[in-house]
Amino acid sequence: MTDSGRKRPLLAVVLAFIFPGLGHFYLRKWGRGLLWLGLTLAVSTLLVVSGIVPMLDEFTTEAVLAAYRARPQEATIASVVISTLNVADAYWVAIRENRSQEIESGRKCPNCGRELDQDIDFCHWCTTRLEPVEADGQ
């Protein structure tokens, strides 16, 4: 049994932490990744007051630092909350996808997680009734 289809939850978390939506792109959840990216950009754009954004002719390190210090506390809190939710969602999507693949391939029980035979319709460890899996190509 190869795990070529498995995704690494830790890698999804690191990518989501680096850039919003990137962890979801790694998981091939394009719409979800675009949603997180758009949400992050929208919150960043809407909560930053236009008066604190430096003008292009004043784009110096001091002006950028002054704008950063002058931003509202709500913008900081919203950014941290959105980033945290993005990272957590990337992790849970990776875990759920891996579990779904294992269950669909008939390798593990959805209840106890133990290895199963391919041709049975219940877990012989915990007696959980399994959904029938249709074979490919039929």
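Predicted model: local features only at pLDDT ≥ 70, side-chain atom pairs only at ≥ 80, totals over all residues.

Reader: Understood. How many helices and strands does the protein have?

Author: The secondary structure consists of five helices and zero strands. Along the sequence the pattern reads α-α-α-α-α.

Reader: And what percentage of the residues count as buried?

Author: Of the 138 residues, 26% count as buried.

Reader: Which residues make up the largest nonpolar core?

Author: That core has eight residues: A12, V13, A16, L27, V87, A90, V93 and A94. Two or more residues each are contributed by α1 and by α5, the latter spanning residues 73–104. Helix α5 supplies the largest share, four residues.

Reader: What is the general expectation for nonpolar side chains?

Author: In soluble globular proteins they tend to be buried together.

Reader: Is I18 buried or exposed, and why?

Author: I18 is exposed, because its relative accessible area is 59% and the exposed class begins over 50%.

Reader: Turning to charges, how many salt bridges does the structure hold?

Author: There are three salt bridges. In one of them, the side chains of K29 and E97 meet at 3.1 Å, N to O. This pair links distant parts of the chain, since K29 lies in the loop between α2 (22–26) and α3 (30–47) while E97 is in helix α5, 68 residues apart.

Reader: How accessible are K29 and E97?

Author: K29 has a relative accessibility of 27% and counts as partly exposed. E97 also counts as partly exposed, because its value is 28%, which falls between the 20% and 50% limits.

Reader: Which residue forms a salt bridge with R32?

Author: D89 does, with the closest N and O atoms 2.8 Å apart. Here too the pair links distant parts of the chain: D89 is in helix α5 and R32 in helix α3, 57 residues apart.

Reader: Is D89 buried or exposed?

Author: D89 is buried, with a relative accessible area of 14%.

Reader: What about D121?

Author: The side chain of D121 meets that of R129 in a salt bridge, at 3.3 Å from N to O. D121 counts as partly exposed at 44% relative accessibility, whereas R129 counts as exposed at 62%.

Reader: On to the rings, then. How many aromatic pairs does the structure hold?

Author: The structure holds two aromatic pairs. One of them is Y91 with W92, an edge-to-face arrangement with 5.2 Å centre to centre and 75° between the planes.

Reader: And the accessibility of Y91 and W92?

Author: Y91 is partly exposed, with a relative accessible area of 34%. W92 counts as exposed, at 52%.

Reader: Which charged residues lie over rings?

Author: K7 lies over the face of Y26, at 5.2 Å from the ring centre. The charged end of R114 sits over the ring of W125, 4.4 Å from its centre.

Reader: Lastly, where does S79 lie?

Author: S79 lies in helix α5 and is partly exposed, with a relative accessible area of 25%. The C-alpha atoms of S79 and L39 are separated by 9.8 Å, with the two residues 40 apart along the chain.

Terms used:
Residues numbered from 1 in each chain as written. Heavy atoms only, no water. Buried < 20%, exposed > 50% of the residue type's maximum accessible area, 1.4 Å probe, protein only. Phe/Tyr/Trp six-rings, centres within 6.5 Å; stacked < 30°, edge-to-face > 60°. Lys NZ or Arg CZ within 6 Å of the ring centre and 35° of its normal. Core = buried A, V, L, I, M, F, W, Y, C linked by side-chain atoms within 4.5 Å. Salt bridge = Lys/Arg side-chain N within 4 Å of Asp/Glu carboxyl O.
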